[in-house]
Amino acid sequence: MADMKAVVEAVRNGNRTLVLKLVDEALKEGVSAKDILNNGLIAGIRLVGDLFSKNEIFVPEMLIAARAMNAALEKLQPLLVAAGVKPKGVVVAGTVKGDLHDIGKNLVCIMVRGAGYKVVDCGVDCSAEKFIDEAKKNEAQAVLCSALLTTTMPYMQTIVTEVKKSGLPLKVIIGGAPVTQAYADKIGANGYGADANEAVLVTEKLLAR
Amino acid sequence: MLLSDVALAAGVHLDLRCGGNGICRRCQVEWEGRRVLACQTTARHDGEMRIPPSSLVPEEWVVDCAFAPPVPRHAHPRCQRLVVRVPAARTQPGADDWERLCRAAFAGEAPAIWVAPEVLRKLPDLVERDRPVRLTVLDGQVLDIEDDAQPSQPVLGVAIDVGTTTVVVRLLDLATGVELALAGTQNRQVTVGASVISRIAHGSTPHGLDRLQKLAAKQTILPLLEKCLSHAKLRGAPVRRAVIGGNTTMMHLFLGLPPKGLGTVPFNAVVLAPSPGSGAAVGLPIEQVECVPAAGAYLGGDVLGGLYAVGLDRTGPPEMLIDVGTNSEILLRVGDRILGASAAAGPAFEGGGLSSGGPALPGAITHLSLNENGFHVETTKGVAATHICGSAYVDFLAEGRKRGFLSEFGRLAPGFPHAEPFERPAGNGQPARTGRRCVVAKGVSIDEHDISLLLQAKGAVLAGALILLRKAGIAPQDLHALHVAGGFGRHLNPEHAVRIGLLPPMPLERIKIVGNTSLAAASSALLNAQATREIGELARRVQVVELNLEPDFEDCFINALSMP
């Protein structure tokens with residue numbers, strides 16, 4: 001649809017005002033929220049993710065695109081719920097206990113939402129219990145946790161252990177600047193993403209059923 | 001034992017900037033016929049480890065010592081010299097020599113000064129021969145009683161700035177306030193890790209704290225102290241006092257205090273305002289060691305001292321102080337309020353994570369411009385360029401916007417003649433990179449990934465500054481002055497900094513490069529009896545703003561990523 005192409009472009013350019021305007025117009029013309037979501041917003045974020053993995057755009061542009069998409073998604077949310085549009089899956093996300101950094105985690109939340117998942121953002125300084133409680137409450141399939149400090153990273157081991165103990169069928173996916181695939185393997189995490197885009201790919205792979 | 005531990009025990013300083021986590025890949029050595037990472041390889045038997053020079057922390061360290069601010073004037077000197085003629089005993093029967101001296105020296109009430117008996121040994125003879133008596137007093141204690149005809153010896157003290165990357169020692173004569181020598185070098189703790197966080201992690205291991213304490217005191221400060229004493233031709237003279245300025249983590253590690261709490265919420269210190277202690281307790285040949293007090297885990301004595309040194313402790317028109325670094329500290333004085341924040345900018349401005357970034361060593365490009373022939377660069381000491389400093393990156397971004405070869409998000413304009421495509425295979429812990437870059441000197445380039453990291457760094461600083469201004473209800477143009485402290489400011493072009501949106505937009509003449517304010521404050525505390533108390537009082541007044549918890553920080557940060 002021509003309209004949706006414009007939405008995709010506006011998302012890619014991070015033009016928040018324009019995205020919201022186009023979404024408004026599309027809704028008025030009778031385009032369904034589901035269509036706008038899939039063919040406009042998700043398609044837009046997909047494009048951004050692809051460009052990022054090809055080193056054609058970088059973090060600053062990804063951040064403004066994600067922000068623009070998120071603003072539109074918030075607007076569509078009530079309509080999607082009312083129309084019974086179901087997300088592809090549910091995940092909980094947060095920064096681990098002791099850590100306050102959240103810009104990267106927020107980007108992951110938006111990108112994973114953009115891939116069609118419901119993301120419950122647990123915030124910062126999250127204990128294992130908080131992750132598990134929220135996961136139970138929302139019937140989540142994965143816990144996405146990030147740490148930005150080498151001093152808070154070790155808590156990820158605790159999260160893996162507690163999730164195993166809980167018996168819940170939860171995948172643990174980790175990320176953050178000091179985190180590596182080797183570390184993920186060492187602590188028995190199910191997946192690792194080096195950046196927000198990889199977080200989406202790993203989530204999709206692990207939750208594909 | 002890890003190969004990296006073996007090297008350290010032998011006094012060989014490997015570059016372990018990632019804290020020995022196997023990420024930076026700088027500690028490559030030859031062992032058992034293979035190239036391995038020293039920090040990831042255990043030696044299970046005797047053998048020969050060959051270490052290439054490229055795996056060592058560079059020895060030469062250019063410290064722009066001329067960048068230290070002038071020694072401050074002091075209203076209440078800690079050290080005083082008085083010359084007095086003591087009246088003969090029979091003129092004041094019943095009053096002992098010491099009392100007659102005090103009456104003659106101090107009109108009115110004698111201050112509380114004490115004198116150890118062994119110091120008094122010389123007094124009677126001087127009084128009997130009616131000689132002019134010279135008293136040297138430090139912190140209310142008489143250090144010496146001499147005949148004033150004898151040449152006086154300086155009373156030695158050192159002001160020390162323990163930076164995360166650079167340590168500077170300034171030797172002062174406390175009696176006159178004169179600077180006798182100045183020396184600086186790289187903080188040897190860098191061999192354990194470049195960042196504060198990596199050192200907190202290391203300092204939380206059984207032997208890590210002791211190792212870090214020794215790296216700071218014995219391996220970094222002591223050689224600098226000896227260099228200063230040598231230069232002033234005072235080897236072997238007693239050093240009475242030291243005042244240490246530094247961020248809270250550096251202070252904890254120097255004192256051997258466990259830093260673990262500083263690394264996670266709620267960022268708790270062991271002590272923010274330590275009492276004076278003996279130099280012996282920290283491994284230094286100094287009688288007494290003091291620290292400039294801190295306000296919090298991320299607002300250390302270096303920053304509080306900075307506030308004090310530029311006069312933001314007094315009430316006045318709105319002024320801001322920014323110390324750009326891995327954790328950029330931003331302070332705003334409005335009226336009698338002081339707001340403070342720490343913006344995690346990342347190591348980009350210190351060259352960390354960038355393809356050609358690096359610290360102030362010989363060969364660092366400090367200035368950069370574009371002319372009809374291409375890029376023109378200036379380096380420290382005029383030697384061949386090997387890498388780029390923070391200030392030159394700022395120049396590059398400003399030139400890019402001025403000449404139009406960089407977009408607002410730092411993308412190189414297609415068709416820009418001085419850009420080329422490049423490919424770097426995965427390695428050194430980094431994934432494969434492709435894209436475009438500018439070669440600014442032989443073997444030295446800036447690529448779009450570097451630019452992305454620089455924009456994120458500058459976005460954090462600008463966002464932090466704008467949020468403090470917003471909270472105080474003032475606009476950038478209302479700032480009377482913006483003081484830029486720290487090594488980064490040394491070569492910084494303020495016009496370029498505003499042009500790229502690193503510093504808030506304001507009249508350029510109000511931006512002041514103020515040098516090593518931490519050293520200035522430590523010097524004040526060394527000379528002035530009120531300084532430490534006044535700096536400590538400042539700590540209580542700073543209202544710490546936790547940027548991460550501000551609801552508009554993320555939005556502000558994202559807006560600040562682009563260049564005007």
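**Notebook: chains A and B**

I began with chain A and found nine helices and five strands. I kept in mind that this is a predicted model.

I then read chain A along its sequence and noted the pattern α-α-α-α-β-α-β-α-β-α-β-α-β-α. I next looked up the radius of gyration of chain A, which is 17 Å; the globule rule gives 17 Å for 209 residues, so chain A is as compact as a globular protein of that length.

I recorded the extent of chain A: along its principal axes the C-alpha trace spans about 50 × 35 × 30 Å. I also looked up burial, and 54% of the 209 residues in chain A are buried.

Which share of the contacts in chain A between residues at least 6 apart in sequence joins residues at least 24 apart? I noted 74% for chain A.

I turned to chain B, where I found 14 helices and 23 strands. I recorded that the C-alpha trace of chain B spans about 95 × 65 × 50 Å along its principal axes.

I asked what radius of gyration chain B has.

Finally, I looked up the contacts in chain B with a separation of 6 or more, and 67% of them are accounted for by residues 24 or more positions apart.

Methods
Residues numbered from 1 in each chain as written. Chains lettered and ligands numbered in written order. Predicted model: local features only at pLDDT ≥ 70, side-chain atom pairs only at ≥ 80, totals over all residues. Helix = DSSP H or I, 4+ residues; strand = E, 2+ residues; numbered from the N terminus. Rg over C-alpha atoms; globule rule 2.2 N^0.38 Å. Contact = placed C-beta atoms within 7 Å. Buried ≥ 20, exposed ≤ 12 C-beta atoms within 10 Å, placed from the backbone.
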